[in-house]
Amino acid sequence: MVNASQSPILIDLYSFVQSLPPEFDTLAGKARQWFSRHSCDADLGISELYLQDAIRFHNAGRESLNQAKGALLQSAVLHYARAFDPASKHRRHISILSKLNPTDQEIHRTLMNLRNESLAHFGPAGESDTPWSEDIPAMIVDGNVWQVMVASRRALYRPSLAPTFLNHLKAVRPLVTSLSEKSKKSFETELEELWRANSLINDLLLQNEMNSSRLGGWSGPFLGGKRSGRSITTLGELGFTN
């Protein structure tokens with residue numbers, strides 16, 4: 001788009017959008033919607049990876065993996081809930097509840113409640129029969145001798161939840177991926193039209209080439225995946241996926 005005769009360069013689209021004057025608010029809005037939806041999709045992808053490992057660790061039946069599988073399950077819940085958190089100040093809220101069947105709607109509410117009422121904050125998560133977190137103050141009285149104590153319990157892993165959660169993710173994530181790709185296409189179409197009609201767009205793109213300090217090791221995966229037109233997500237330092 002910028003100059004077909006040049007070697008491939010990377011444009012920092014976030015900085016580009018920040019630099020757009022008010023006359024291009026529609027383009028900026030489409031970009032931010034795409035950024036947010038892709039970001040949510042990335043969180044769901046990480047959640048799915050963590051869940052798969054949690055289930056694999058559980059099926060291995062090794063006691064030494066109990067803490068690891070619990071940490072992975074809880075992190076999966078946190079990443080899932082973060083994708084749909086309406087309170088974020090850094091990305092737009094995405095809602096898919098109306099697109100789910102009644103069973104998946106209930107699972108979604110359970111996961112959001114688990115995050116809000118037990119994992120991110122202390123509470124039983126609405127499960128009074130087998131709460132995720134509870135403290136039980138008690139007193140032992142033996143004749144004239146007594147002792148007070150508090151028994152604290154924290155659930156790490158729930159075998160019934162993990163596979164149900166994973167199946168739920170397989171229904172939810174394609175919806176979010178589709179929304180992300182639609183937003184991306186809408187942004188691309190608008191950008192192409194404005195680029196052809198207004199030279200300022202080209203100038204602003206060139207002014208926002210991604211600098212090497214921010215780029216780090218990302219140039220290879222970005223430029224390698226550009227022809228597919230798909231968004232790229234990174235997990236860890238070098239774990240790139242298309």
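Modeller: What follows is a walk along helix H5 and the parts around it.

This is a predicted model, in which local features need pLDDT of at least 70, side-chain atom pairs count only at pLDDT 80 or more, and totals for chains, interfaces and linings use all residues. Residues are numbered from 1 along each chain as its sequence is written, and side-chain values use heavy atoms, with hydrogens and water left out.

Confidence comes next. pLDDT is the predictor's confidence in each residue, from 0 to 100. Its mean over the protein is 82, and 79% of the residues reach 70 or more. Over residues 225–242 it stays under 50.

Helix H5 covers residues 161–197. Helices here are DSSP runs of H or I with at least four residues; strands are E runs of at least two; both are numbered from the N terminus.

Start with the largest nonpolar core. A nonpolar core is a set of buried Ala, Val, Leu, Ile, Met, Phe, Trp, Tyr and Cys residues joined through side-chain atoms within 4.5 Å. Buried means under 20% relative accessible area, exposed over 50%, and partly exposed in between (1.4 Å probe, protein chains only). This core has 31 residues; Leu44, Leu51, Tyr80, Phe84, Phe165, Val172 and Val176 touch the most other members. Helices H2 (25–60), H3 (66–83), H4 (102–119) and H5 each give two or more residues to this core. H5 gives the most, with eight.

Take Val172. Leaving aside neighbours within four places in sequence, Val172 is in contact (heavy atoms within 4.5 Å) with Leu44, Tyr80, Phe84, Ile96 and Leu100. Apart from this core lies another, of 14 residues, including Ile11, Trp34, Leu204 and Leu205.

Now Ser180, also in H5. Ser180 counts as buried because its relative accessibility is 1%. Beyond four places in sequence, its contacts are Trp34, Arg37 and His38.

For contrast, turn to the strands. Val141 sits in strand E1. At 55% relative accessibility, Val141 is therefore exposed.
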